[in-house]
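Student: I have a structure open and would like to talk it through with you. Could we start with how the chain folds back on itself?

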Amino acid sequence: MKSPDKYYITTAIAYPNGKPHIGHAYEAIATDAIARFHRLAGRDVTFLTGTDEHGLKIAQAARAAGIAPKAYVDDMVQAFQTMSTVFGISHDRFIRTTDTDHAAASQALWRAMRDAGDLYLDRYEGWYSVRDEAYYDESELIDATGADGSPTRLSPQGTAVEWTIEESWFFKLSAYQDRLLDWYDSHAEFIQPSSRFNEMRSFVAGGLRDLSISRTSFDWGVPVPEAPGHVMYVWVDALTNYLTGAGYPAAGYDATWPADLHVIGKDVVRFHAVYWPAFLMSAGLALPTTVFGHGFILDRGEKMSKSLGNVVDPLELADTLGVDRLRWFLLRDVAFGDDGSYSHAAIVERTNADLANGIGNLAQRSLSMIAKNCDGRLPDQGVGGPAEDALAETFSEHAAVFMAEMNALKLHRALEAVMTMVTAANVYFADAAPWALKTSDPARMAAVLAAVADATRRIAILIQPIIPGAAARLLDQLGVAAEARRFADLDVRVQAGTLLPAPTGVFPRWVEPA
């Protein structure tokens, strides 16, 4: 059985029919921050991400490229693995749905649903979007005008649909309407944020139709067991990856399953919050605790598209501005769950204010004075007075806020709490004016510098999930041992007299090239 100390978190798996975009990077970074937060809180974290490599869309892309589907995905997946490496994504497994153990897990889930009496063979006739790999009811379609001026039909996502007729296995989704509604009503945390909950509850309450879950018109997918010629509908296969990552169906998988958190885009909430729990109910498996549907990342308020020419490679953006700046901006400026907008100028403005002028200024000024006036050794903070007490109280209060907001998946509010701490420490430093105490009261100067260094240490420990690379470099300069960087160590000061490395700027201010 799963231990309370075990935390299982996943991203959605990316469809590798093109290069990663900023939305892929955002989801990976946000999920990584949550995973790192729980590790630093002392939990045993399993973090799963990866790629969704089956389905008609991949088969068509491979055919257009003139190569076999497996060769196509083997090439395309490399960009997503590189993205994970560049952005410091601390996943425990990068799953590919072409992995051997994943086919076994998918077939085990299929058999469990079949044995429950929830699968039957029939013929599917209806609208299908190849781009979304999704079926849509007539009532969901949007009337539109094609490029040639003729009338056409589009999915709710604005993608092309085509009328499809083929033999298919169906899942009795309609039988799970009441069970899903009961689950939603008794598990308010299951779908977040609340806007997604309301949307999904309304969708299910409006009535569910049985779902076509196999295809015979192509063969690029997981074979349906005991049904020659059928491959699984790509979403059955894709959703099962979360079970595969836990080790299902082997004994002991329930030491990891159920997932505590699925982090997904808002455009795939239906699959995760309606189809997925129904499949699991049918198979007699535990449901995940929370499905969180985040918003889109917009380019200066516009959704990215190839036709607009505003699709930005996140690796190029990271190469230009740096990984730390991009991670900080996306988690600080975008309210987790809402759509967010970005631009080069917005990233520079935010990170110069928070990182260079805020955290960086605090660290560099105090560490430089310690290097020059204290022989490079951390001075003794001493007992302190009213100003130090007020600073400590502010830090204690807002560290608690940080923890609460991160646990509540309000990442941007957690960073607001951190910046309140940064401001308080900078105000304390300015008011104490240690540079003016060098000759008049050197002991007081040393105590102020020690207090600021310790405040910086606390801030650096808290921001590790957000910008792990920069936080580690800052903690190195503060003399914090590798084993003393968990949240439980927030109140553990570095020993006075510790020799600190020569300070170097961790957060340089961005200046636009001439």
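Student: What share of the contacts with a separation of 6 or more comes from residues 24 or more positions apart?
Tutor: Such pairs account for 77% of those contacts in the protein, where contact means heavy atoms within 4.5 Å. Bear in mind that this is a predicted model, in which local features need pLDDT of at least 70 and side-chain atom pairs count only at pLDDT 80 or more, while totals for chains, interfaces and linings use all residues. Residues are numbered from 1 along each chain as its sequence is written, and side-chain values use heavy atoms, with hydrogens and water left out.

Student: OK, and how much is buried?
Tutor: Buried residues, meaning those under 20% relative accessible area with a 1.4 Å probe and protein chains only, make up 55% of the 514 residues.

Student: Why does a radius of gyration of 26 Å agree with a compact globule?
Tutor: Because a compact globule of 514 residues would have a value near 24 Å, the 26 Å of the protein agrees with it; the radius is taken over C-alpha atoms, and the rule is 2.2 Å times the number of residues to the power 0.38.

Student: Switching to the sheet, what's the strand order?
Tutor: Six strands form an open, parallel sheet in the order β3-β2-β1-β13-β14-β9, with β3 (93–96) and β9 (191–192) as the edge strands. Strands are DSSP runs of E with at least two residues, helices runs of H or I with at least four, numbered from the N terminus, and two strands pair if DSSP finds at least two bridges between them.

Student: How many bridges join β13 to β14?
Tutor: Five bridges join β13 (residues 261–265) to β14 (residues 290–294), and histidine 262 has valine 291 as its bridge partner in β14.

Technical notes: Buried means under 20% relative accessible area, exposed over 50%, partly exposed in between (1.4 Å probe, protein chains only).
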